[in-house]
Amino acid sequence: MSDTARDSDVQLRSALDQVPAYVPGKPASAPEGVAAYKVSSNENPFPPLPSVLEVIREAAGSVNRYPDMAVTALTDALAQSLGVPAEHIATGTGSVGVLGQVIAATCDAGDEVVHAWRSFEAYPIVTALAGATSVKVGLDDHERHRLDAMRAAITDRTKVVIVCTPNNPTGPMVTHTELERFLEQVPSRVLVVIDEAYVEFVTGEDAPRSLELYRDRPNVMVLRTFSKAYGLAGLRVGYAVAHPEVAGALRKTATPFGVNSIAQAAAIASLEAFDELKERVDQLVAERARVVEALRGQGWFIADTEANFVWFGLGDRSGAFAAAAQEAGLTLRQYGDDGVRATIGETEANDVLIKVAGDFLTEHPATVPAV
């Protein structure tokens, strides 16, 4: 065989040319002598509960066996916890995995998926992989969904509409009143996905009662995850709540044995320990309020975040801000020239964020509009 690589004759799908790359949060790094904090991936800064860790250790002893492909125990636990029939539950490898199942189950080439932008960057990726078209509807001046514009964007080719609440990466939620009015206008043939990856952090008034909306409408499904509030990001387990026809389709498009036995056991244990986990969520919500108040006090415009992160809509100053934070040991998540997202992490990391933001605004006073 020649040492010179030959051009491949393998024919790949042309749809791949339209697939944007997913940009993961960078790992923590810092100059020598500076503490490093990773607040780029919206991870829970707390380690798993001791009781959950014990379940993980025990489950690891049987990894020579395939997991239950039907994810029966977790499905039953979720059904009981949420008060829904087990056949209305579909699981997958994180909420992004379930989202891929949704698009695979609904979209053919040329179909459309409507969603806000900027929102979760996996939306256009999973859409393009199906050969479908991502229809992006810009946010308003307060970084919120423009539901009227999203309704106007629906065409005969639209198969799915995704509502991310709270919105990642900007933070605001869609209210129940807004969402209910929107759903009344969406054609019943269009599947509406309410993506609630951060639902446990929501404390605002008129928060979406998504399970109530799903119960009344066969074309509504709810998407959730164990990665954020439950602190199981490394195990990749998410789920959908949908009516039987949709949930059954999601199970058909799932990767066989995708939810492994350790993930299933840890998720069940986390559900059982939610009261203990809620104490951690409450701490993060309190830290969020402290950080937002401090940043606004400095003069920043910070959207009304209901998630475990804050958004800096910095435009072309995004790179400079991310670099300044990195010099201080804080690894943030930059979104090109749109803005920068910072996860609410350890108190020490949040203190660094507040200081970096204050110093940056002092050096660049025209960076953001006044509150």
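Student: Which residue in strand S5 does Val114 stand opposite?

Tutor: This is a predicted model, in which local features need pLDDT of at least 70 and side-chain atom pairs count only at pLDDT 80 or more, while totals for chains, interfaces and linings use all residues. Residues are numbered from 1 along each chain as its sequence is written, and side-chain values use heavy atoms, with hydrogens and water left out. Strands (E, at least two residues) and helices (H or I, at least four) are DSSP runs numbered from the N terminus, and two strands pair if DSSP finds at least two bridges between them. S3 and S5 (residues 158-164) pair in the parallel sense over four bridges, and the S5 residue opposite Val114 is Val161.

Student: Which residues point the other way from S3 than Glu112, Val114 and Ala116?

Tutor: In a regular strand the side chains alternate between the two faces of the sheet. Both groups in S3 are buried, where buried means under 20% relative accessible area, exposed over 50%, and partly exposed in between (1.4 Å probe, protein chains only). Glu112, Val114 and Ala116 point one way, and opposite to them point Val113, His115 and Trp117.

Student: Through which helix does the chain cross from S3 to S4?

Tutor: S3 and S4 (residues 133-138) pair in the parallel sense over six bridges, and one of the residues involved is Val113, whose bridge partner in S4 is Ser134. The β-α-β crossover between S3 and S4 is right-handed, a word used if, with the strands pointing away from the viewer, the path from the first strand over the helix to the second runs clockwise. The helix that carries the chain across, at residues 122-129, is H4.

Student: Why is S5 described as largely enclosed, and which residue in S6 is the bridge partner of Cys164?

Tutor: S5 is largely enclosed by the rest of the structure because six of its seven residues are buried. S5 also pairs in the parallel sense with S6 (residues 191-195), over five bridges. In S6, the bridge partner of Cys164 is Asp195.

Student: How many disulfides does the structure hold?

Tutor: A disulfide is counted when a pair of cysteine sulfur atoms lies within 2.5 Å. The closest cysteine sulfur to that of Cys107 is in Cys164, and because the separation is 17 Å, it is too far for a bond. Cys107 is buried at a relative accessible area of 7%, and Cys164 is buried at 3%. The number of disulfides is zero.

Student: What distance separates the C-alpha atoms of Val84 and Arg215?

Tutor: Val84 lies in the loop between helix H2 (72-82) and strand S2 (89-92), and it is buried, with a relative accessible area of 8%. Beyond its neighbours within four places in sequence, Val84 is in contact (heavy atoms within 4.5 Å) with residues that include Tyr214, Arg215 and Val241. Although Val84 and Arg215 are 131 residues apart along the chain, their C-alpha atoms are separated by 9.0 Å.

Student: Is Lys228 buried or exposed?

Tutor: UniProt, in an unreviewed entry, lists Lys228 for "modified residue: N6-(pyridoxal phosphate)lysine"; its positions follow the numbering used here, feature names are shortened, and annotations may be inferred rather than shown by experiment. Lys228 is placed in the loop between strand S7 (220-225) and strand S8 (238-241). Leaving aside neighbours within four places in sequence, its contacts are Ser41, Asn42, Asn44, Ala197, Tyr198 and Phe201. With a relative accessible area of 16%, Lys228 is buried.

Student: How far apart are the end C-alpha atoms of residues 39-334?

Tutor: The unreviewed UniProt entry lists residues 39-334 for "domain: Aminotransferase class I/classII large". Over those residues the chain is 41% helix and 16% strand. The distance between the end C-alpha atoms is 11 Å.
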